[in-house]
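Okay, everyone, thanks for coming. I'd like to walk you through one protein today, so let's get the picture up on the screen.

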Amino acid sequence: MSDAGVRIVPMESRHGAAVIDIYRAGIAEGNATFEAEAPTWAAFDASHLRDHRFVAVIDETPVGWAACVPVSDRCVYAGVVEHSVYVHPDGRGRGVGRALLAALIESTERAGIWTVQSGVFPENTASLALHRDAGFRVVGTRHRVGQHHGAWRDVVLIERRSPKI
């Protein structure tokens, strides 16, 4: 899959350092996550589903990633995942997020996953627009759900339901 020089490849260990660096850049901007620190590559690798994680590459340089984690180990939630999409500031405006999300949706559809969900800060309007354009809907807003750098933050819950269900 490519868009304006963007190649989407399966995430591998060789991408680990770049994935964590991109995660750190998102954390530093302040509107991507409640997390204060990126995990180690080993922790990331162990927690994210191998069949549903991708890296966007431009000129052999990773510029973004998308990945999923299960929402629960209960069998009734086997088809529900929570996802993240991170794009390095240098990769923005080139279709990286769109290409990553398309690859993620394709892989989850093939696997029979019926719900892909996430929580997005309302201030992250670019992410909300990206997801809306990819077929996600807003489920609702969790007001003052958690504190981030000493301030209460809202989270917009979004989901994409497979058309196969």
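Before anything else, a word on how helices and strands get picked: they are DSSP runs, with helices being H or I over at least four residues and strands being E over at least two, numbered from the N terminus. What you see is a predicted model, where local features need pLDDT of at least 70, side-chain atom pairs count only at pLDDT 80 or more, and totals for chains, interfaces and linings use all residues. Residues are numbered from 1 along each chain as its sequence is written, and side-chain values use heavy atoms, with hydrogens and water left out.

So, the overall layout. We have four helices and eight strands. If you walk along the sequence, the order goes β-β-α-α-β-β-β-α-β-α-β-β. The C-alpha trace spans about 40 × 40 × 30 Å along its principal axes.

How does the radius of gyration fit a compact globule? For this one we take C-alpha atoms, and the globule rule is 2.2 Å times the number of residues to the power 0.38. With 165 residues, that rule gives a value near 15 Å, and the protein has 15 Å, so the two agree.

Next, what's inside and what's outside. I'll call a residue buried under 20% relative accessible area, exposed over 50%, and partly exposed in between, using a 1.4 Å probe and protein chains only. By that count, 42% of the 165 residues are buried. The protein exposes about 8,900 Å², and carbon and sulfur atoms supply 50% of that.

On contacts, the word means heavy atoms within 4.5 Å. Take the contacts between residues at least 6 apart in sequence: 62% of them join residues at least 24 apart.

Charges, quickly. Lys and Arg count as positive, Asp and Glu as negative, and His and the chain ends are not counted. Each charge is placed at NZ of Lys, CZ of Arg, CG of Asp or CD of Glu. That gives 18 positive and 19 negative side chains, with the centres of the two sets 5 Å apart.

Rings of Phe, Tyr and Trp (its six-membered ring) pair if their centres lie within 6.5 Å; planes under 30 degrees apart are stacked, over 60 edge-to-face, and the rest tilted. How many aromatic pairs does the structure hold? Six. One of them is Tyr23 with Tyr86, a tilted pair at 4.9 Å centre to centre and 55 degrees between the planes. Tyr23 sits in helix α1 (residues 16-29) and Tyr86 in strand β5 (residues 80-87), so this pair ties together parts that are 63 residues apart in sequence. Both of these tyrosines, Tyr23 and Tyr86, are buried.

Then there's Phe44 with Trp65, which is edge-to-face, 5.1 Å centre to centre with 90 degrees between the planes. Phe44 is in helix α2 (residues 41-47) and Trp65 in strand β4 (residues 61-70), so parts 21 residues apart in sequence are tied together here. Phe44 and Trp65 are buried too.

Val69 is partly exposed, because its relative accessibility is 23%. Leaving aside neighbours within four places in sequence, Val69 touches Ser47, His48, Leu49, Val81 and Glu82. Val69 and Val81 are 12 residues apart in sequence, and their C-alpha atoms are 5.6 Å apart.

Over in strand β7, look for Val139. Val139 has a relative accessible area of 44%, so we call it partly exposed. Beyond its neighbours within four places, Val139 is in contact with Leu157, Ile158 and Glu159.

Which strand holds Arg144? It's β7, residues 137-148. Phi of Arg144 is near 50 degrees, a positive value in a residue other than glycine. His149 comes in the loop between β7 and β8 (151-161). Phi of His149 is near 55 degrees, again positive in a residue that isn't glycine. Arg144 counts as exposed because its relative accessible area is 53%, and His149 does because its relative accessibility is 67%.

Note on methods:
Accessible areas come from the Shrake-Rupley method with a 1.4 Å probe; for residues, only the protein chains shown count as cover.
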